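Have the structure open as you read.

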Amino acid sequence: MAIFERRLEQKVVLDDTEAIACHIETAQNIDGHTEYVLRVQRGPYPENSWRILRRYNDFASLNKCLQISGIELSFPGKKFIGNMRPEFIAERLSALQEYLNQVLMNPILASSLPTKKFIDPDSYSTPFHDLALQYASMCLRTEGVYTLGQSLGPIGWRLRKHYFKVVHKPQGGNKHSPGHSTTKHHLIKSSSQSHGKQHTTQVCVTTSTEKDYNNSKEGSGRDDLILTWTEFGPDRYIDEKEIHNVLKNFGSVQHPYIVPIEYIASNDNGALVIRKFYKQGSLKDVLCGVTSPCNPFLSKYGSPKGRAPLPLKELALYARQILEAIRFLHSKGLACGHVHCGNVQILDGVARLMDVENFLFGVPSFYRPFFVQHSKINSCESIDVYGFGHLLYEMCMGYPLQDSYARQITDCPDSLKSLLESILLKDACKSSLPTLDQLASHAFFSEYAATFNEQYAAAIAAQKPHLKFSTNAKEQLKLAVQKTENRVRDEQKSVKNQKRLVRVQEMMTSEEEKKKIKQKAKQEHRQAKLRAQNSLQLNNGPPTTVTVSASSGSAGAVMFKSDSANSITSPHDAALMSPPPHGAPDSGGSGSSPLRQPPPSAPPIPPPNTLALFDQALQAAASGGGGGRGGSPNQQHLKAAGRPQLNKSISGDDGYCSTTRNALLDSICNFNKSGLKKVSSSEK
């Protein structure tokens with residue numbers, strides 16, 4: 001029955017190299033203290049984001065854990081008085097945001113466990129170290145060949161990779177026989193990577209010969225062994241049934257420039273690898289002047305004081321040896337994907353590549369945040385070429401390249417400069433990188449490592465390269481390479497689309513801002529125009545009538561008062577003033593418009609000759625009418641109009657509108673005397 005079937009939940013594996021952004025949105029007062037609301041986003045998509053609350057003490061704890069790196073960070077100091085004022089909280093929020101930006105922009109600090117726990121406590125609160133100790137003990141107990149020793153702590157940059165010492169377990173025999181000793185039980189305490197606390201975790205069986213072996217390592221002539229436990233990453237595409245056979249075949253890899261594997265095993269969660277431990281450390285330790293490779297990663301590489309580049313001949317020799325190791329892996333259908341100084345071992349003038357099994361484990365590359373920004377670096381070969389370019393740059397300059405491409409390359413010979421520019425310049429990353437074969441035939445190696453071919457032939461004669469897989473394993477490796485490249489391309493498309501979306505949003509924001517600026521300018525211009533109109537209307541507003549009593553008579557004389565001059569004018573002067581604007585209460589309009597319109601201009605006063613023509617027309621009409629009382633309608637209209645009426649219409653005393661005045665003037669000017677006819681007295 002389907003309802004009783006057990007649902008299998010697939011474990012979600014995070015990519016620890018994925019970029020994380022953090023923004024402090026606001027601050028709030030809770031129970032008398034200030035808490036900051038942080039919005040965290042993983043990757044390019046805003047949907048993959050969350051919010052967390054952090055107090056100032058949480059920031060201080062993070063800064064205390066990161067001080068071991070020696071990197072100078074602008075962390076704001078604590079304040080006891082006045083720390084609840086809004087002005088101070090705003091300044092503190094800005095300072096803490098700047099501090100977070102400095103931490104997340106540094107690859108070493110951003111990849112550390114304290115930083116991951118601070119910004120993503122749900123995903124990184126798992127006891128990774130304790131689980132690694134448990135899984136490694138179970139794998140070793142099955143074989144019964146090695147005994148797990150003490151933990152070496154966070155000596156690497158990976159959060160899900162842990163380092164332990166191991167020793168060979170004595171085989172059989174009587175406990176009193178020569179070469180063997182009694183067995184005793186003890187507790188192994190693992191150091192937590194976050195705060196250095198001690199936790200009792202696992203009971204293991206160790207012989208007393210381990211103590212003697214650890215105390216007399218140099219006298220015994222035997223090499224130390226180091227065990228690394230690595231969790232499977234998001235790029236592991238080999239089937240669980242086939243992964244054990246692939247790792248078993250890979251454990252027998254032989255090459256003059258690859259560090260051999262002593263033992264390799266795996267379970268459903270990860271795999272362990274045992275190799276020889278070299279006291280001088282990796283190539284990165286040599287470049288940074290590190291004398292104790294077992295120190296924590298932050299303290300070794302955070303701010304090293306002894307950085308020094310390699311001489312050109314050593315640089316060319318080591319780079320050529322590493323290049324041959326990468327070419328060998330690709331010839332067997334494998335990819336390295338993890339070419340950097342931390343995975344190179346220097347011993348007796350020979351550079352050897354380590355951790356070549358990381359591709360099988362599916363763990364992300366150290367330079368993944370860099371090459372996902374360039375869509376042309378989308379194959380396993382181009383990824384290894386790109387990592388080789390960063391390795392070459394660090395060996396040449398003494399310090400790593402902290403960006404996805406180099407803006408300019410100086411302080412090196414022309415041949416080395418051309419080699420670096422063909423890999424690390426922006427134009428090279430945008431077009432196409434050289435192949436591994438093209439790098440091997442570059443003029444730089446023929447100039448500074450001319451005898452490499454003879455040395456390589458002698459090394460091959462001493463140790464013949466060997467790596468063999470079954471037919472099914474080859475198919476699995478080919479499929480894993482294809483899926484790895486497809487995931488890289490998909491991630492590059494996501495990053496590209498997100499960048500394009502951000503640019504469009506910025507353009508839209510700028511256009512909106514431009515529109516807002518234009519609208520604001522128009523509004524300010526309109527308001528300035530209205531202010532000017534209001535000022536003009538106040539100066540030339542409608543006249544108000546006041547009654548002034550005449551000194552000689554009982555009747556009052558009507559005078560007009562101007563608002564602008566605060567003076568009283570005569571009716572004749574008031575007739576020349578403008579009428580009130582449309583919509584004013586005294587003009588008969590609605591008066592509901594919020595914007596007052598400017599008053600219309602006064603009608604033009606007819607010239608004096610118009611009045612003379614009017615008098616002549618009246619006289620002609622009177623003479624033609626025979627002195628009768630009635631006359632024609634036109635005559636009656638003219639008589640009714642008269643000159644006084646014309647003066648009144650011109651002056652505007654009776655409230656005639658401008659249309660009536662214009663019609664009257666047109667009738668006067670267009671008067672036709674011939675249209676008049678005489679009327680006899682009998683028609684009265």
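## A positive surface patch

Lys376, Lys426, Lys430, Lys496, Lys499, Arg500 and Arg503 form a positive surface patch. Patch members have over 30% relative accessible area and no salt bridge, and like charges are joined within 9 Å. Lys and Arg count as positive here, Asp and Glu as negative, while His and the chain ends are not counted. Each charge is placed at NZ of Lys, CZ of Arg, CG of Asp or CD of Glu, and accessible areas come from the Shrake-Rupley method with a 1.4 Å probe, with only the protein chains shown as cover.

Which helices supply at least two residues each of the positive patch? They are H16 (426-430) and H20 (471-539). Helices are DSSP runs of H or I with at least four residues, strands are runs of E with at least two, and both are numbered from the N terminus. The largest share, four residues, comes from H20. Arginine 503 has its place in H20 and is partly exposed, with a relative accessible area of 46%. For the exposure words used here, buried means under 20% relative accessible area, exposed over 50%, and partly exposed in between (1.4 Å probe, protein chains only).

## How to read the model

This is a predicted model, where local features need pLDDT of at least 70 and side-chain atom pairs count only at pLDDT 80 or more, while totals for chains, interfaces and linings use all residues. Residues are numbered from 1 along each chain as its sequence is written, and side-chain values use heavy atoms, leaving out hydrogens and water.

## Salt bridges

Side chains of opposite charge can pair when their charged atoms come close. A search of the whole structure finds 20 salt bridges, each defined as a side-chain nitrogen of Lys or Arg within 4 Å of a carboxyl oxygen of Asp or Glu. In one of them, glutamate 25 meets arginine 51 at 2.9 Å, N to O. Glutamate 25 lies in strand S1 (residues 20-30) and arginine 51 in strand S3 (residues 49-55), so this pair ties together parts 26 residues apart in sequence. Glutamate 25 is partly exposed at 33%, whereas arginine 51 is exposed at 54%.

Aspartate 120 and arginine 42 also form a salt bridge, at 2.3 Å, N to O. Because aspartate 120 sits in the loop between H4 (113-119) and H5 and arginine 42 in strand S2 (residues 33-42), the pair joins parts 78 residues apart in sequence. Both partners are buried: aspartate 120 at 4% and arginine 42 at 7%. Lysine 284 and glutamate 394 meet at 2.9 Å, N to O, linking helix H9 (residues 283-288) to helix H14 across 110 residues. Lysine 284 is buried at 13%, and glutamate 394 is buried at 2%. There is also a salt-bridge network of Asp15, Asp235, Arg368, Arg487 and Glu491.

Is tyrosine 386 buried or exposed? With a relative accessible area of 0%, tyrosine 386 is buried.

## Helix H5

H5 covers residues 128-143, 16 residues in total, and reaches 23 Å from its first C-alpha to its last, close to the expected 22 Å. The expected span is 1.5 Å times one less than the number of residues. Among the buried residues of H5 are Phe128, Leu133, Tyr135 and Cys139. Glycine 144 follows H5, with a positive phi near 75°.

Methods
Patches are made of residues with over 30% relative accessible area and no salt bridge: like charges are joined within 9 Å, nonpolar side chains (Val, Leu, Ile, Met, Phe, Trp, Tyr) within 5 Å.
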